[in-house]
Amino acid sequence: MILRAFLLVLVAVAVAGAAQAQQYRWVDQNGKTQFSDSPPPPGAKDVRRSNITTAKPAPAQQPFEVARLQKDFPVTLYTSPPCKEGCELARGALNKRGVPFKEVQVFDPDTNEELKRVSGALEVPTLLVGRSVQRGFEQGAFDALLDSAGYPKAGILPPLTQAAPGAPEGYVPPAAVRDAAQPVKTDAPPKAGPYDSSGLTGPAPKPGQYDPSGLKGPPPKPGKYGLPAETK
């Protein structure tokens with residue numbers, strides 16, 4: 001009875017993985033027999049249609065051991081939108097090893113608090129395997145952390161292609177914040193004010209004690225050091 005039930009399960013699985021396809025047979029205008037999976041053209045003779053069964057490849061299933069490790073030692077990668085090279089290397093290392101992981105982007109007070117709570121610091125990338133933490137990307141440290149949790153070595157699992165997530169909702173790039181804080185520049189010249197001497201005007205300086213240009217006096221008299229005396 002048990003064997004029969006097992007065989008019925010296998011048959012049900014096989015039927016679920018199979019697909020029905022239409023196969024057409026007809027004779028064309030030249031008298032040649034044609035076969036196709038699409039309907040024949042108008043004017044075809046002796047058209048026959050039959051169903052054929054093609055097996056669909058079963059979807060790849062995650063190994064039981066990896067599923068168990070995901071439950072006992074979940075892998076989480078903390079990144080941030082501005083983090084480029086280091087976070088890309090960390091993500092690529094997990095993809096290459098085929099380890100399923102969740103990626104959390106740190107960008108606001110809540111995610112900052114979460115990262116600080118699990119790792120004790122605000123540094124990205126940070127890898128969390130179970131409760132073990134690796135701050136910053138270092139290939140050897142990443143591998144050692146995954147090895148200690150029991151994940152398969154590199155090359156055993158098929159590689160993954162998990163891409164970087166898009167910018168989270170509400171995230172404002174640092175450049176936008178910096179640009180918003182800068183004053184708006186205008187081409188208008190600055191206005192004269194109490195500390196701007198460019199707008200101050202006043203009367204021309206008057207001749208005074210130390211300005212000989214305004215001094216007048218009698219012409220010099222002939223003398224030893226003055227004008228030469230007239231000679232007859």
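In the largest nonpolar core of this predicted model, there are 15 residues, and those touching the most other members are Val75, Leu94, Leu127, Val129, Leu146 and Tyr151. Which elements give two or more residues to this core? They are strand 4, spanning 75-79, helix 3, strand 6 at 126-129, and helix 5 at 139-149. Helix 5 provides the largest share, namely four residues. As general background, nonpolar side chains in soluble globular proteins tend to be buried together.

Tyrosine 151 is in contact with Leu69, Gln70, Phe73, Pro74, Val75, Arg97, Val99, Val129 and Leu146, where residues up to four places away in sequence are left out of the count. Two of these partners, Val75 and Val129, are also among the core residues that touch the most other members.

I turn now to charged side chains. In general, side chains of opposite charge can pair when their charged atoms come close. How many salt bridges does a search of the whole structure find? The search finds eight.

Consider the pair formed by glutamate 103 and arginine 91, whose side chains meet in a salt bridge at 2.8 Å, N to O. Glutamate 103 belongs to strand 5, residues 102-105, whereas arginine 91 belongs to helix 3, residues 85-97, so this pair ties together parts that lie twelve residues apart in sequence. Are these two residues buried or exposed? Both glutamate 103 and arginine 91 are buried.

A second pair is found within a single helix. Aspartate 72 and arginine 68 form a salt bridge through their side chains, at 3.1 Å from N to O. The two residues are four apart in helix 2, residues 64-72, which means that about one helical turn separates them. Aspartate 72 is partly exposed, its relative accessible area being 40%, and arginine 68 is likewise partly exposed, at 34%.

Key. Residues numbered from 1 in each chain as written. Predicted model: local features only at pLDDT ≥ 70, side-chain atom pairs only at ≥ 80, totals over all residues. Heavy atoms only, no water. Salt bridge = Lys/Arg side-chain N within 4 Å of Asp/Glu carboxyl O. Buried < 20%, exposed > 50% of the residue type's maximum accessible area, 1.4 Å probe, protein only. Core = buried A, V, L, I, M, F, W, Y, C linked by side-chain atoms within 4.5 Å. Contact = heavy atoms within 4.5 Å.
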